[in-house]
Amino acid sequence: MKKILSLLLILLLLCALSISSLTSCAKPAKDPLLEDSSEVNGQSETVQTPTEEDKPSSETEADTEHTENTNQENTNQENTNQENKPTAPIILFDPIRTVYCEGGFVKGNTTGIFANSSEGYRFVGWTDGETAIQKSASIESVKDNTVRPIFEPIFVELYVADLLIESVAVSEFVTRSEADLLVSLRGKIFQKWEAKNAPIDLNETDSVLAQIKQYWNDGAIKDLPNFKLTASFTDRAAKDFYAFRTIAHALGGAPWLAESNTYLNSLEVFEYHYSRGQRFFEIDLCLTMDGKIVALHQYETQILYDEFMATKREGFTPIDLEILIDLMLQYPEIYIDLDILSVYRSGYEGSAKEKLTLFYDSLDAEIRLRDDGSGEIYGDIYERFVLEIFFDSHLVSQMLELAKQEKYGFEHFMYAGIGDKETPTGTGDDAELEKTLQWCVENDIRMMSTKILDKEFIEMTDRYDIFTFAYTYNSPEQIEVLLSLGIDCVFTDFVYL
């Protein structure tokens with residue numbers, strides 16, 4: 001009997017151990033998928049399923065069954081959610097692309113394109129005739145040349161006296177300097193370029209070139225109409241000799257002679273050229289050995305006054321100071337340029353200063369003799385004289401200083417000899433020429449004779465309001481060319497224009 005009871009106890013213990021093992025295996029592992037997320041007052045609250053430790057042992061079997069059912073429901077719900085979740089749309093990205101053309105570029109894609117002008121260009125339309133900057137077409141049509149934009153350069157048009165003298169692309173215009181834009185007009189002084197109805201805002205005070213350059217640097221000159229610039233001028237000083245185109249060299253030549261027909265400085269050639277309409281003359285003056293003034297182009301003169309006046313070279317009447325002043329009184333509409341190079345290079349004994357002083361004193365005395373005391377004749381004769389001041393590093397200032405003394409009445413001066421190798425401009429040094437021109441203006445010298453005939457020189461003299469003379473030309477065609485270049489007046493032996 002005892003053995004039977006012992007066996008029953010052992011069986012009961014084994015059964016208890018088996019049940020305990022089964023209960024442990026049925027206990028679920030903590031799984032984040034079993035967490036339930038719900039909205040509470042607009043916030044997310046996580047509710048976690050209780051574990052075995054949180055429950056009484058009597059509910060273990062029921063909980064195990066509930067857990068299994070819950071897992072199955074969650075799995076089913078996941079599958080349902082996966083089936084009901086919407087599929088993400090497929091996005092077809094069509095990027096904007098660029099095609100570069102002459103004068104600009106085109107941007108666009110498969111649905112449309114638009115044109116952009118480069119600096120200095122404007123858009124004018126498409127090759128298919130449309131004019132809107134944006135159009136319905138694909139960028140591929142531009143790449144394969146089915147349709148192309150049309151761009152054209154923006155120009156700066158330069159006008160002088162209502163005539164178009166140059167049309168230059170703005171891209172080139174902004175590379176120029178102020179000196180490159182100087183222009184001349186006979187009898188006028190260039191002031192500045194003016195822009196009327198400009199496509200951009202330009203003030204009247206600052207340089208037009210500088211303002212356009214600033215807009216260019218800012219990338220603002222595109223899709224604009226052309227610029228129209230007009231040169232503005234002021235009148236030269238109101239002196240009648242500024243209107244002459246030719247000046248009779250040495251009172252003019254004798255065309256009826258086959259040779260030795262120039263540098264005559266005689267009464268006959270003066271009268272001949274005056275009869276043909278000439279009113280502006282040059283005369284060469286010299287000192288004789290005995291200190292008298294005569295009309296002669298000769299250095300280191302070795303001749304006395306009486307001897308000179310008694311000799312009629314080639315049958316021409318010589319001129320002295322008295323005859324010269326007589327001509328000024330007899331012909332009140334003439335103007336005479338006094339070339340006195342032979343005065344201070346004459347054979348008369350004395351220093352350059354003494355020779356020049358003798359000349360100035362003698363001329364002034366002769367003019368005073370003709371005046372009636374009112375000073376009108378004296379002033380009128382000096383008003384119609386031009387005195388040449390020759391370049392000489394040691395003499396030019398002295399010549400001018402002596403002539404400008406208050407006791408004399410000279411008003412008009414010409415800086416003579418520009419173009420010789422010894423002169424500032426003979427070196428081609430623009431800086432040295434600039435200094436010479438400044439010196440002329442500072443000393444009220446408004447005329448200059450020259451052999452330099454390039455555009456840059458003429459533009460510089462115009463800028464300083466210097467009246468330019470070229471010497472010496474006897475071909476009407478050559479003279480016309482010189483005048484067209486901007487030379488104001490030409491020395492000539494035979495031509496009157």
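User: Why is N145 called exposed?
Analyst: The relative accessible area of N145 is 52%, and the word exposed applies over 50%, whereas buried means under 20% and partly exposed covers what lies in between (1.4 Å probe, protein chains only). N145 is therefore counted as exposed. The model is a predicted one, in which local features need pLDDT of at least 70 and side-chain atom pairs count only at pLDDT 80 or more, while totals for chains, interfaces and linings use all residues. Residues are numbered from 1 along each chain as its sequence is written, and side-chain values use heavy atoms, with hydrogens and water left out.

User: Where does N145 lie, and what is noted about its phi?
Analyst: N145 sits in the loop between α3 (139-143) and β8 (149-153), where helices (H or I, at least four residues) and strands (E, at least two) are DSSP runs numbered from the N terminus. Phi of N145 is near 70°, which is a positive value in a residue other than glycine.

User: What makes Y263 partly exposed?
Analyst: With a relative accessible area of 36%, Y263 is classed as partly exposed. Y263 belongs to the loop between β13 (246-248) and α6 (267-275), and its phi, near 55°, is again a positive value in a residue other than glycine.

User: Why does G409 count as buried?
Analyst: The relative accessibility of G409 is 16%, so G409 counts as buried. G409 is found in the loop between α12 and β18 (413-418). Leaving aside neighbours within four places in sequence, G409 is in contact (heavy atoms within 4.5 Å) with D364, Y378 and Y382.

User: What makes α8 oblique to α10?
Analyst: The axes of α8 (residues 321-330) and α10 (residues 352-370) come within 10 Å and cross at roughly 45°. That angle makes α8 oblique to α10. Such axes are lines fitted to C-alpha atoms, for helices over the stretch in contact, and the angles run from 0 to 180 degrees between N-to-C directions; under 35 degrees counts as roughly parallel, over 145 as roughly antiparallel, 65 to 115 as roughly perpendicular, and the rest as oblique.

User: What is the hand of the crossing of α8 and α10, and which residues make the contact?
Analyst: The crossing of α8 and α10 is right-handed, a term used if the near helix is turned clockwise from the far one by less than a right angle, with anticlockwise giving left-handed. L321, E322, I325, D326 and L329 of α8 meet S362, L363, E366, I367 and R370 of α10. These residues divide into five nonpolar, one polar and four charged. Here Ala, Val, Leu, Ile, Met, Phe, Trp, Tyr, Cys and Pro count as nonpolar, Asp, Glu, Lys and Arg as charged, and the others, Gly among them, as polar.

User: Why is α10 called roughly parallel to α12?
Analyst: α10 and α12 (residues 396-403) pack at an angle of about 30°, with their axes 10 Å apart. That angle makes α10 roughly parallel to α12. Their crossing is right-handed, and the contact is made by A352, K353, L356, T357 and Y360 of α10 and Q398, M399, L402 and A403 of α12.

User: How do you know that α10 and α11 are oblique to each other?
Analyst: The axes of α10 and α11 (residues 376-383) come within 8 Å and cross at roughly 135°. The two helices are therefore oblique to each other. D364, I367, R368 and R370 of α10 touch I377, Y378, I381 and Y382 of α11, and by class this contact has five nonpolar, no polar and three charged residues.
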